[in-house]
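Subject: The structure, and what turned up in it

Hi there,

Here is the structure you will be working with. Please have a look at it, and then read on for my notes.

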Amino acid sequence: MTKKLKIAFQGEPGANSHIAIVEAYPDAEPLPCPTFEDALAAIASGEADLGMIPIENSVAGRVADIHHLLPQSGLFIVGEYFLPIHHQMMAPRGARLSDIKTVESHVHALGQCRNIIRKLKIKPIVSGDTAGSARIVAERGDKSCASIASRLAADIYGLDILAEDVEDETHNTTRFVVLAREAAWAEQGSGPLVTSFVFRVRNLPAALYKAMGGFATNGVNMTKLESYMVDGNFFATQFYADVDGHPEDRGLAFALEELKFFSRELRIVGVYPAHPFRATFSEKAE
């Protein structure tokens, strides 16, 4: 009998990360973890085979913790998944929309559903995560208290959905990365690929400008560049980047060589297939 893949995620059962696992790996066993640190530790220790970790959202922006934790974790990106986010307003069985006085959810979910909160004139209450708020509302049993969470959370915790798809923006999408203990580079030429890496440039004038020049001159498309401080040091900035292609592709190989020359350190954290969703937001030439 084949052993089930165990995939760690941050949050409680019914979280959007849980949904991403169910959709991307329907036969896997999801492993809920209280924090991102716990999820990464579960992968590193072997308790979980993989992790499904959100890295950015089209409305809320980057998931800040991950950009700090990923480079330090020693883990590798082996895949990505894009999940359209749909928020449901739910409450204990028998509640009506007119009964609701407060609504609980993660701060990002509340921010993404401002229109209905304002329309119903209800008080938003910040909770640790969306699925956790659904569990709390179900346990409390107060029909004046609602939660904003996923349809899966409503099923798990036995809540009635009072209003469907209450998000303000229809394009609300979260990008997840799939993490593993071992690097597993996708094969060169196997289709559209993404290479992710972290680097620190030397503390020299125009070092970042010069380091980035190789990507432009070699025709490499950079889809993401994020900066963040290292250990609270204002002068030690680390960067996380995603580019199209494989490190052994001629143009990207030259670009990375040039980047290495101007960098104090460079580490490739993943070479993996580009998710088909990327094709929906590729720029068209005017």
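Predicted model: local features only at pLDDT ≥ 70, side-chain atom pairs only at ≥ 80, totals over all residues.

Residues are numbered from 1 along each chain as its sequence is written, and side-chain values use heavy atoms, with hydrogens and water left out.

**The whole protein**

The protein has 9 helices and 15 strands; these are DSSP runs, numbered from the N terminus, with helices (H or I) of at least four residues and strands (E) of at least two. Its C-alpha atoms fill a box of roughly 65 × 50 × 40 Å along the principal axes.

Of the 286 residues, 49% count as buried. The accessible surface comes to about 14400 Å², and 53% of that belongs to carbon and sulfur atoms (areas come from the Shrake-Rupley method with a 1.4 Å probe, and for residues only the protein chains shown count as cover). Among contacts between residues at least 6 apart in sequence, 74% join residues at least 24 apart; contact here means heavy atoms within 4.5 Å.

As for charge, there are 28 positive and 36 negative side chains, and the centres of the two sets lie 5 Å apart. Lys and Arg count as positive and Asp and Glu as negative, leaving out His and the chain ends; each charge is placed at NZ of Lys, CZ of Arg, CG of Asp or CD of Glu.

**Strand E12**

Back to leucine 193, which sits in strand E12 (residues 193-201). Its C-alpha atom is 4.9 Å from that of alanine 274, 81 residues apart along the chain. Leaving aside neighbours within four places in sequence, leucine 193 is in contact with residues including Ala186, Val243, His246, Tyr272 and Ala274.

Phenylalanine 197 is in strand E12 too, and at 0% relative accessibility it counts as buried.

**Helix H1**

Which residues of helix H1 (residues 16-24) are buried? They are Asn16, Ser17, His18, Ile19, Ala20 and Ile21. Their cover includes strands E1 (6-10), E2 (29-33), E3 (50-57), E5 (76-84) and E11 (173-180), along with helix H7 (151-157).

Threonine 102 is found in strand E7 (residues 102-105) and is buried, with a relative accessible area of 16%. Not counting residues up to four places away in sequence, threonine 102 touches Ile122, Lys123, Ile125, Ser144, Cys145 and Ala146.

Serine 127 lies in the loop between strand E8 (123-126) and helix H6 (130-140). Serine 127 is buried as well, at 14%, and with the residues up to four places away left out, it touches Ser105, His106, Val107, Gly132, Ser133 and Ile136.

**Two positive phi angles**

Most residues other than glycine have a negative phi. Lysine 121, however, has a phi near 55°; it is in the loop between helix H5 (114-120) and E8 and is exposed, at 76% relative accessible area. Aspartate 165 has a phi near 45°. Aspartate 165 is placed in the loop between strand E10 (160-163) and E11, and at 39% it counts as partly exposed.

**Cysteines**

How many disulfides does a search of the whole structure find? The search finds 0, a disulfide being a pair of cysteine sulfur atoms within 2.5 Å. For cysteine 113, the closest cysteine sulfur is that of cysteine 145, and at 17 Å it is too far for a bond. Cysteine 113 is buried at 0% relative accessible area, and cysteine 33 counts as buried at 6%.

Conventions: Buried < 20%, exposed > 50% of the residue type's maximum accessible area, 1.4 Å probe, protein only.
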